[in-house]
Amino acid sequence: MRLKVSNFSKFRSTYDGKSLIVKTLLLPIFVYGSRVYDLALQQRRNVRKVVENYVFSTGAKLNMETISKTRENGGYDCIDIPLYLDILKLKVVKKYYNARKQNNSIHLPLYFLEYYIGFTLCKMLAMPVNNSVLHASQPTSYYSNVVDILKRYSITIDEIAEKTTKQIYRRIVNERNAQVLVPMFPINMPNMWTGIHNKVLPNYLKTFGYKMVWNVLPLCINERIARIQKTSRCPLCDLHDEDVYQLFYDCVCIQPIWDYVNVIIFNISGVLMPKVSPQMCIALDLSSLKQLCVCETNLNATILLLSISRYCIWLSRNKVIFEQEPFLYQDVINRIKAMSKARNSAEKSRQTSVYNSVTQILWNSMCSN
Ligand SMILES: [Zn+2]
């Protein structure tokens, strides 16, 4: 597994790509083996570590409990492999439950389940005990683990009867207490996550927005980076400490960029604002943005514009740090224009593009300036 992961790590992927790789390439390795044996405690920890390190190759890390949550709950749908394997075992319990409910005869591998833990399961799932078959006095560790899983995750009879194992898995990941880092905004602000994972955004912009609100971008305020850079000051203005709020919202050097963005938003929506709020430009909060644009297409165009603008600020900021070039706000504006133009032509060239009108509106509203 480590070898596979180190191969994938050579490619720079977005979180979307990474969570897809975990799901489609890493998970199956374990699913196959898990039919026969369980992961030991140390192995479970190692698997989680490898995935965490793969997803967050540099900088601050979110823990598995966070990234395994569904996207609308602040996660990235990244499969928690050991937990997934646990829940996968309930498939056979489900089958057993249904077979007993419908009085069907029991075949392999349900027969083993019946033999080892049938008695215990019947008690747990409120079913009459089947006295006509033999029961083992001691279950093997594989089957005692199944009972343990039912207890550990407080799985109810209703869940076994009605829900798919996928739904049970989702319930558990979303219920787990996860936070080690504190996001910029309350994690249960549901409109924030829908804005960040908005379908109109390409994956790298989604990843970027996600890192921003979780505050895991490698900024100078970060202790480790401050030591390397020998300063925690904002590289643009050198007046305040550099954090997300300073760099992407409050810094004096980027005010002309927000002025420009405001004009474009006015062109799109017809609403003139003195300044976009942090809820709008950092959290991409839909409920704030909907005050500007009622129309879905305009709303998406505004989200795309804000996302592109933040990313361009980040690119120029990195140029200041790594190439010691002076910061010119006009550069950022040019980048924003170029990127919007590129998005538009990319969408145009796609035959089945749904967002052609969105990128077109954005590009048009820039051309009129
Ligand atoms: Zn600054």
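Predicted model: local features only at pLDDT ≥ 70, side-chain atom pairs only at ≥ 80, totals over all residues.

I checked the crossing of H15 and H19, and it is right-handed. Their axes lie 9 Å apart, at an angle of about 35°. For the record, H15 covers residues 255–269 and H19 covers 329–349.

Next I asked which residues make the contact. From H15 I noted Pro 256, Ile 257 and Tyr 260; H19 brings Tyr 329, Val 332 and Ile 333. Sorted by class, that is six nonpolar residues, with no polar and no charged ones.

Stayed on H19 and picked Arg 335, which sits in that helix. Is Arg 335 buried, partly exposed or exposed? I get 18 C-beta neighbours inside 10 Å, so Arg 335 goes down as partly exposed; buried would need 20 or more.

Then I looked up what Arg 335 touches. Leaving out residues up to four places away in sequence, I found Cys 312, Leu 315 and Ser 316. Cys 312 is 23 residues from Arg 335 along the chain, yet their C-alpha atoms are separated by 6.2 Å.

Zoomed out to the domains. I have domain 1 at 2–88, domain 2 at 90–171 and domain 3 at 190–367. The centres of domain 2 and domain 3, over C-alpha atoms, are 51 Å apart.

Last, I checked confidence. Mean pLDDT for the chain is 87, and 97% of the residues score at least 70.

Notes
Residues numbered from 1 in each chain as written. Domains from an automatic or database assignment. pLDDT = per-residue confidence, 0-100. Axes fitted to C-alpha atoms, helices over the stretch in contact; angles between N-to-C directions. Helix = DSSP H or I, 4+ residues; strand = E, 2+ residues; numbered from the N terminus. Left-handed = near helix turned anticlockwise from the far one by under 90°. Contact = placed C-beta atoms within 7 Å. Nonpolar A, V, L, I, M, F, W, Y, C, P; charged D, E, K, R; others polar. Buried ≥ 20, exposed ≤ 12 C-beta atoms within 10 Å, placed from the backbone.
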